[in-house]
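Thanks for making time this morning.

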Amino acid sequence: DFSANKTEVIVGEAIAFTSSISGGKTPYTYAWDFDNSGSTDSTLANPSYSYASAGTYTVSLTVTDSLSYTANKTRTGYVSVHKLGDANGSGVVNSIDITYLEHIILGSPGYPYTTWADANQDTQANALDITAIEIIIMAG
């Protein structure tokens with residue numbers, strides 16, 4: 001099995017993955033596929049990984065023991081990566097994000113704080129983020 005310290009991040013933010021192995025005969029070898037490409041992205045037991053593009057990602061871990069027995073764990077849609085300023089998580093930074101962020105700031109029910117809404121990266125969702133989102137939209 002495996003876990004991650006977070007499963008929702010902004011583009012470029014690192015995620016720490018931790019393997020959990022029981023049984024088999026040590027030493028183990030690890031093959032992580034973080035982006036469902038079919039290629040091994042890491043061979044470490046407990047790697048960190050940063051995604052370069054927004055999207056939802058399936059993560060797989062294959063562990064092989066010294067007797068060549070293998071076990072695989074796949075978590076479909078396990079990681080969601082958002083663009084900075086994409087307050088509503090739609091994948092596009094646009095004027096709708098400003099409205100969504102206004103709801104977050106006003107504390108409307110059902111609008112939780114999200115790191116990707118923190119467009120100016122000051123660890124708070126506030127009115128300064130609205131200006132940052134406007135700048136992101138205008139800059140293209």
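**Charges, fold and salt bridges**

Let me start with the charges: the chain has 5 positive and 14 negative side chains, and the centres of the two sets lie 15 Å apart. In that count Lys and Arg are positive and Asp and Glu negative, with His and the chain ends not counted, and each charge is placed at NZ of Lys, CZ of Arg, CG of Asp or CD of Glu.

Before I go on, please keep in mind that this is a predicted model, in which local features need pLDDT of at least 70 and side-chain atom pairs count only at pLDDT 80 or more, while totals for chains, interfaces and linings use all residues. Residues are numbered from 1 along each chain as its sequence is written, and side-chain values use heavy atoms, with hydrogens and water left out.

Now to the fold. Along the principal axes, the C-alpha atoms fill a box of roughly 60 × 30 × 20 Å. Of the 140 residues, 34% are buried, where buried means under 20% relative accessible area, exposed over 50%, and partly exposed in between, with a 1.4 Å probe and protein chains only.

How many salt bridges does the structure hold? There are two, a salt bridge being a side-chain nitrogen of Lys or Arg within 4 Å of a carboxyl oxygen of Asp or Glu.

One of them joins the side chains of aspartate 1 and arginine 75, at 2.6 Å from N to O. This pair links distant parts of the chain, with aspartate 1 in the segment before strand E1 (2-4) and arginine 75 in strand E7 (residues 70-82), 74 residues apart. Aspartate 1 counts as partly exposed because its relative accessibility is 45%, and arginine 75 is also partly exposed, at 24%.

Another joins the side chains of glutamate 13 and lysine 6, at 2.9 Å from N to O. Here glutamate 13 is partly exposed, with a relative accessible area of 22%, and lysine 6 is partly exposed, with 28%.

Key:
Helices (H or I, at least four residues) and strands (E, at least two) are DSSP runs, numbered from the N terminus.
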